[in-house]
Amino acid sequence: MKLAITGPTSGIGAITFKELVPVCQEVFFLARNAEKAQIEIEKLPEKERKKVSFIHLDLADLDSVKKATADIQAKTDQIDVLINNAGGIFPKYEVTKDGFELSFSANHLGHFLLTNLLAPLLLQSENPKVINVSSEAHRAAKVNFDDLNYKQQSYSSFNAYANVKLFNILFTKSLIDHYGSKGLRSYALHPGVVKTNFGKEANGIFKLFWKLATPFMIDANQGARTSIYLAKTQMPDSHNGYYFKKSKPNVPSKEARSKNYRDKLWEASMEMVKPWMG
């Protein structure tokens, strides 16, 4: 298996990476911080380290996304599994250099571009998979498709996060619409409420919730289980495009199952990334 994974420097991404390397022929470690990447790679046995290539990727910088895909294409002609694991909650409204709201770019748009640019490599595989790490927070989403970048509406870090977690599921299903007939399999998942550094970036009511929930959270090893399961397991065709929780199919929100929503998101996202698609 040839694997590409985003956000493997900490939390469930680091565990997923560590557990999957032994069953992989080659691994592309996509992250912003080369120093943190090196620390995680050095934790592997020497024979496993040789399989891993660090690829610089900043999901909030679409030039970086495009360069990362070119770097991967220079090293391989095939990817079997892409795990879009990276994500975060951003307490303040920020705009990327490309003009997009930071949470939208880092959690959705960067992965949207990455996946579409890597699609030719994925479709070279006999069993290509895309795995998108979402969250049960998607059930709280309130999306304004006319203002995906919060230019008019007031910014809420939790609302922005809930929306992008919904987008992860919608994107999963759209990938089947666009590439399923060519053999692509795509899954979304909720890892559980994981006790990592993730919640430290929150503020307001979400920060309070995170503090209250901490005693009941699972650890990163438990949180990575569903990602690892989906990467290793041959799922039935009937489960293609599904949302998983605790390694089992789970019914997401009504909005997450809306074809109208996913078509709107795909069209809007494709229009935004058009300058980087060529």
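A: The largest cavity holds about 60 Å³ of space, where a cavity is a set of points on a 1 Å grid over the protein atoms alone at which a 1.4 Å probe fits but cannot get out, and a volume is the space filled by probe spheres set on the points, joined across faces, edges and corners. The model is predicted, so local features need pLDDT of at least 70 and side-chain atom pairs count only at pLDDT 80 or more, while totals for chains, interfaces and linings use all residues. Residues are numbered from 1 along each chain as its sequence is written, and side-chain values use heavy atoms, with hydrogens and water left out.

By this rule there is one cavity of 30 Å³ or more. Its lining (residues with an atom within 4 Å of a point) consists of E101, F104, V143, N144, D147, L148, Y150, Q153, A160, N163, V164 and F167. Helix α6, residues 157-179, contributes the most to this lining, with four residues; helices here are DSSP runs of H or I of at least four residues, numbered from the N terminus. By class, the lining of the largest cavity has seven nonpolar, three polar and two charged residues, with Ala, Val, Leu, Ile, Met, Phe, Trp, Tyr, Cys and Pro counted as nonpolar, Asp, Glu, Lys and Arg as charged, and the others, Gly among them, as polar.

Turning to open space, the second largest pocket (an open set with protein on both sides within 12 Å along at least five of seven lines) has a volume of about 220 Å³. Among the residues that line this pocket are E136, H190, R225, K245 and K246, and its lining divides into three nonpolar, five polar and four charged residues.

As for helix packing, the axes of α4 (residues 62-73) and α5 (residues 102-122) come within 10 Å and cross at roughly 30°, the axes being lines fitted to C-alpha atoms over the stretch in contact, with angles from 0 to 180 degrees between N-to-C directions. The two helices, α4 and α5, are therefore roughly parallel to each other, a term for angles under 35 degrees. Their crossing is right-handed, that is, the near helix is turned clockwise from the far one by less than a right angle. In contact (heavy atoms within 4.5 Å), residues of α4 including L62, V65 and I72 meet residues of α5 including L109, L113 and L117, and the residues of this α4 and α5 contact comprise nine nonpolar, four polar and one charged.

Definitions and conventions
Parallel < 35°, antiparallel > 145°, perpendicular 65-115°, else oblique.
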